[in-house]
Amino acid sequence: MADDKNKDTEVAMDYPEHERTFDMFIKGSKLLTMITVALLIAMAFGFFAGGGLIGGTVAFFILVVIGYFFV
């Protein structure tokens with residue numbers, strides 16, 4: 001009897017949609033990690049290397065553009 005109820009409520013998985021969602025999640029995670037690392041490097045450059053606010057900002061944008069092509 002219990003098996004009959006499960007068959008009525010059972011839904012087929014949409015595997016292609018699941019794969020696309022997982023791929024988007026992985027790409028987003030990689031992009032967010034790359035941006036975080038670029039921000040930390042740019043902050044270190046601005047503070048320790050004497051780049052200041054403008055130097056750190058320029059370094060951040062350069063690192064994000066370069067990192068985008070490697071992710």
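Apart from its neighbours within four places in sequence, Leu 63 is in contact (heavy atoms within 4.5 Å) with Met 34, Ala 38, Ile 41 and Ala 42. The structure is a predicted model, in which local features need pLDDT of at least 70 and side-chain atom pairs count only at pLDDT 80 or more, while totals for chains, interfaces and linings use all residues. Residues are numbered from 1 along each chain as its sequence is written, and side-chain values use heavy atoms, with hydrogens and water left out.

From the N terminus on, the order of elements is α-α-α. Of the 71 residues of the protein chain, 13% count as buried, where buried means under 20% relative accessible area, exposed over 50%, and partly exposed in between, with a 1.4 Å probe and protein chains only. The protein chain exposes about 6,200 Å², and carbon and sulfur atoms supply 72% of this area. Accessible areas come from the Shrake-Rupley method with a 1.4 Å probe; for residues, only the protein chains shown count as cover.

Leu 63 is found in helix H3, and Ile 35 lies in helix H2. Leu 63 counts as partly exposed because its relative accessibility is 27%. Ile 35, at 31% relative accessibility, therefore also counts as partly exposed. For Ile 35 and Val 65, 30 residues apart in sequence, the C-alpha to C-alpha distance is 9.7 Å.

Helix H2 (residues 15-48) packs with helix H3 (residues 52-70) at an angle of about 150°, and their axes are 8 Å apart. H2 is therefore roughly antiparallel to H3, a class that covers angles over 145 degrees. Axes are lines fitted to C-alpha atoms, for helices over the stretch in contact, and angles run from 0 to 180 degrees between N-to-C directions. The crossing of H2 and H3 is right-handed, that is, the near helix is turned clockwise from the far one by less than a right angle.

On the H2 side, the contact is made by residues including Leu 31, Leu 39, Phe 45 and Gly 46. Residues of H3 in the contact include Gly 52, Gly 55, Phe 60 and Tyr 68. By class, this contact has 13 nonpolar, five polar and no charged residues. Ala, Val, Leu, Ile, Met, Phe, Trp, Tyr, Cys and Pro count as nonpolar, Asp, Glu, Lys and Arg as charged, and the others, Gly among them, as polar.

Notes: Helices (H or I, at least four residues) and strands (E, at least two) are DSSP runs, numbered from the N terminus. Angles under 35 degrees count as roughly parallel, over 145 as roughly antiparallel, 65 to 115 as roughly perpendicular and the rest as oblique.
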